[in-house]
Amino acid sequence: MCSGRVDIALLSRAFLNGLDGVFVGACRLDECNYVTNGNYYALTTVLLFKRIMEYIGVNPERLMIQFMSSAEANVFVESVNNFVKKIKGIGPLGKGMGEAGDIKILMERFKNIMNLVPYIKLMKNDKLAVRLKDPKDYDEFFTKEEIEEMLMNVVAYYIMPEKCQACMLCARRCPVEAIISAKSEIHVIDQEKCIKCGSCFDVCPERIRAVTKVPASEVPPPIPENQRRIMRKERQVS
Ligand code: SF4
Ligand code: SF4
């Protein structure tokens with residue numbers, strides 16, 4: 001599999017499946033066979049995910065990326081052997097120095113990250129596309145503070161009942177069917193299903209602007225089902 005396919009969801013899933021460490025082997029930078037240079041994307045993704053691991057209390061050394069050409073079997077063998085040795089030294093997931101200890105808590109945190117993948121990609125899209133040339137830039141490319149800021153201030157999307165015109169555009173665009181939609185009824189976002197992709201916010205017509213962003217901890221309760229009907233004014237016929 002091309003290293004360009006490595007993304008936050010894939011890395012989260014690997015740890016959710018109980019792996020103690022993840023090794024990403026990628027082609028040498030600037031030697032990608034495709035114009036997309038997916039190995040740069042793999043690099044920025046790994047750097048981002050390491051910060052996320054740090055944030056949720058997992059040793060970031062459990063994740064590694066190594067660049068090599070297909071002719072460098074020796075580099076592959078040596079780096080994998082060293083990585084395995086390192087992971088054995090750190091110990092099983094959750095038991096490493098500074099880690100939460102309770103594997104269930106860690107799994108919950110990885111699941112939360114999984115739910116936030118579209119949001120994280122949306123927030124860090126520009127930086128993920130940067131091509132880092134100098135290894136010196138790697139360490140602080142994503143800072144601890146910026147990841148804290150992103151994950152502590154997660155937004156939620158909310159449809160203001162007094163503004164919604166039930167045009168249904170948002171419900172059609174939602175990729176996970178998180179919007180409770182019916183003809184002539186105020187639309188409501190199911191916060192449990194919402195993956196925070198922001199599509200409803202983008203698609204709600206400018207003149208209506210019924211979708212808003214609020215801090216995730218301050219989402220108002222959904223409007224009761226029996227109050228969702230929109231009463232439209234009858235046209236006057238002269
Ligand atoms: S942000 Fe809007 S479109 Fe995206 S998943 Fe949530 S409700 Fe659906
Ligand atoms: S796009 Fe806006 S106005 Fe239309 S149903 Fe969704 S929230 Fe309501």
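Colleague: How many residues of the shell around ligand 2 are nonpolar?
Modeller: In this predicted model, 14 residues surround ligand 2, and the closest are C164, C167, C170, C204 and A210. Cys and Ala both count as nonpolar. The shell around ligand 2 has no charged residues and two polar ones, and its nonpolar residues number twelve.

Colleague: How many residues of the shell around ligand 1 are charged?
Modeller: Ligand 1 is surrounded by 14 residues, the closest being C174, C194, C197, S199 and C200. The shell around ligand 1 divides into ten nonpolar residues, two polar ones and, as charged residues, two.

Colleague: What is the relative orientation of α2 and α6?
Modeller: Helix α2 (residues 38-56) packs on helix α6 (residues 144-152) with the axes 10 Å apart and at an angle of about 70°. Angles of 65 to 115 degrees count as roughly perpendicular. The orientation of α2 and α6 is therefore roughly perpendicular.

Colleague: Which residues of α6 make the contact with α2?
Modeller: The contact of α2 with α6 has four nonpolar and four charged residues, with no polar ones. From α2 come R51, I52, E54 and Y55, and from α6 come K144, I147, E148 and L151.

Colleague: What is the distance between the end C-alpha atoms of helix α3?
Modeller: Helix α3 (residues 73-90) has 18 residues, so at 1.5 Å a residue it should span 26 Å. The model agrees with this expectation, its end C-alpha atoms being apart by 26 Å.

Colleague: Which residue takes a positive phi just after α3?
Modeller: The phi in question is about 100°. The residue that takes this value just after α3 is G91.

Methods. Residues are numbered from 1 along each chain as its sequence is written. Chains are lettered from A and ligands numbered from 1 in the order in which they are written. This is a predicted model: local features need pLDDT of at least 70, side-chain atom pairs count only at pLDDT 80 or more; totals for chains, interfaces and linings use all residues. Axes are lines fitted to C-alpha atoms, for helices over the stretch in contact, and angles run from 0 to 180 degrees between N-to-C directions. Helices (H or I, at least four residues) and strands (E, at least two) are DSSP runs, numbered from the N terminus. Angles under 35 degrees count as roughly parallel, over 145 as roughly antiparallel, 65 to 115 as roughly perpendicular and the rest as oblique. Two residues are in contact if their C-beta atoms, placed from the backbone, lie within 7 Å. A residue is near a molecule or strand if its C-beta atom, placed from the backbone, lies within 6 Å of it. The expected span of a helix is 1.5 Å times one less than its number of residues.
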